[in-house]
Amino acid sequence: MERRTPREKKRLSYLKDGRNEYGENDKSSRRNVRLNKRAPNSANRRRARTALAALLGPPDGVRAGAAEERLTGRRPKRWRKFPDAPLGVVVDGALQRRAETDPAGAGRAAARLRRVRSRFDWASRADDPLLPPHEVRRVRSAPAGDGAADRA
């Protein structure tokens, strides 16, 4: 394992260290992730159970069609986790807000913003945490050698 310079360590820290931007305590995610995964599944099972409860009794094609339409008429609920924001994005956003809200210190905040952004020398555009998530997905899913990552 080669030694890293402090500059390289700082750059990797800005890229890889995550910060919870959701606004809740990061420790509460241990409980809330499990709860949020359970709730939509439970709601989907409940909706299926109530739709199928209409089919009790003798078989009837009309009721079966209505129950199936009711069951498939709405998209099932789902929940997905999303990763923490890279430290570089959080620092960049804080410095931008500081520059916008404090006109007296805007020059100093802009200088800090330039200094922080100078550490973002990405190996590829897919590593750029300042890109919006839909852009990152597009860059990462582009076929290799296509040049789409360079055009985006």
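**Entry: the model**

I am working with a predicted model, in which local features need pLDDT of at least 70, side-chain atom pairs count only at pLDDT 80 or more, and totals for chains, interfaces and linings use all residues. I number residues from 1 along each chain as its sequence is written, and the side-chain values I use rest on heavy atoms, with hydrogens and water left out.

**Entry: overall layout**

I looked up the secondary structure and found 7 helices and 2 strands in the protein chain, where helices (H or I, at least four residues) and strands (E, at least two) are DSSP runs numbered from the N terminus. Along the sequence I read the pattern α-β-α-α-β-α-α-α-α. Of the 152 residues of the protein chain, 20% count as buried, buried being under 20% relative accessible area, exposed over 50%, and partly exposed in between (1.4 Å probe, protein chains only). I also checked contacts, meaning heavy atoms within 4.5 Å: among those between residues at least 6 apart in sequence, 55% join residues at least 24 apart.

I compared the span of α2 (residues 29–53) with expectation: at 1.5 Å a residue its 25 residues should span 36 Å, and its end C-alpha atoms are 36 Å apart, which agrees. The expected span is 1.5 Å times one less than the number of residues in the helix. I list N32, P40, A43, N44, R47 and A51 as the buried residues of α2, and these pack against α3 (61–72).

For the pair itself I noted that two packed helices are described by the angle between their axes and the distance between the axes. The axes of α2 and α3 come within 9 Å and cross at roughly 165°; here axes are lines fitted to C-alpha atoms, for helices over the stretch in contact, and angles run from 0 to 180 degrees between N-to-C directions. That makes α2 roughly antiparallel to α3, since angles over 145 degrees count as roughly antiparallel, under 35 as roughly parallel, 65 to 115 as roughly perpendicular and the rest as oblique. I recorded the crossing of α2 and α3 as right-handed, a crossing being left-handed if the near helix is turned anticlockwise from the far one by less than a right angle, and right-handed if clockwise. The contact is made by R47, A48, T50 and A51 of α2 and by A67, R70 and L71 of α3.

**Entry: helix α4 and its partners**

I then turned to α4, whose 15 residues reach 21 Å from first C-alpha to last, close to the 21 Å expected at 1.5 Å a residue. Its buried residues are L87, G88, D92, G93 and L95, and they pack against α1 (6–16), β1 (18–19), β2 (85–86) and α5. α4 and α5 pack at an angle of about 160°, with their axes 8 Å apart, and are therefore roughly antiparallel to each other. I noted a left-handed crossing where α4 passes α5. The contact is made by V91, D92, L95, Q96, R98 and A99 of α4 and by A106, A109, R112, L113, V116 and R117 of α5.

**Entry: the nonpolar core**

Which residues make up the largest nonpolar core? I found Y14, L87, L95, L113, V116 and F120, 6 residues in all, a nonpolar core being a set of buried Ala, Val, Leu, Ile, Met, Phe, Trp, Tyr and Cys residues joined through side-chain atoms within 4.5 Å. α4 (87–101) and α5 (106–118) each supply at least two residues of this core. Leaving aside neighbours within four places in sequence, L95 is in contact with A109, R112, L113 and V116.

I looked up G93, which is found in helix α4 and is buried, with a relative accessible area of 17%. G93 and L113 are 20 residues apart in sequence and 9.2 Å apart in space, C-alpha to C-alpha.

R11 lies in helix α1 and counts as buried at 13% relative accessibility. I found the C-alpha atoms of R11 and F120 separated by 6.7 Å, although these residues are 109 residues apart along the chain.

Is P83 buried or exposed? P83 is exposed, with a relative accessible area of 70%, and lies in the loop between α3 and β2. The C-alpha atoms of P83 and G18, 65 residues apart along the chain, are separated by 8.0 Å.
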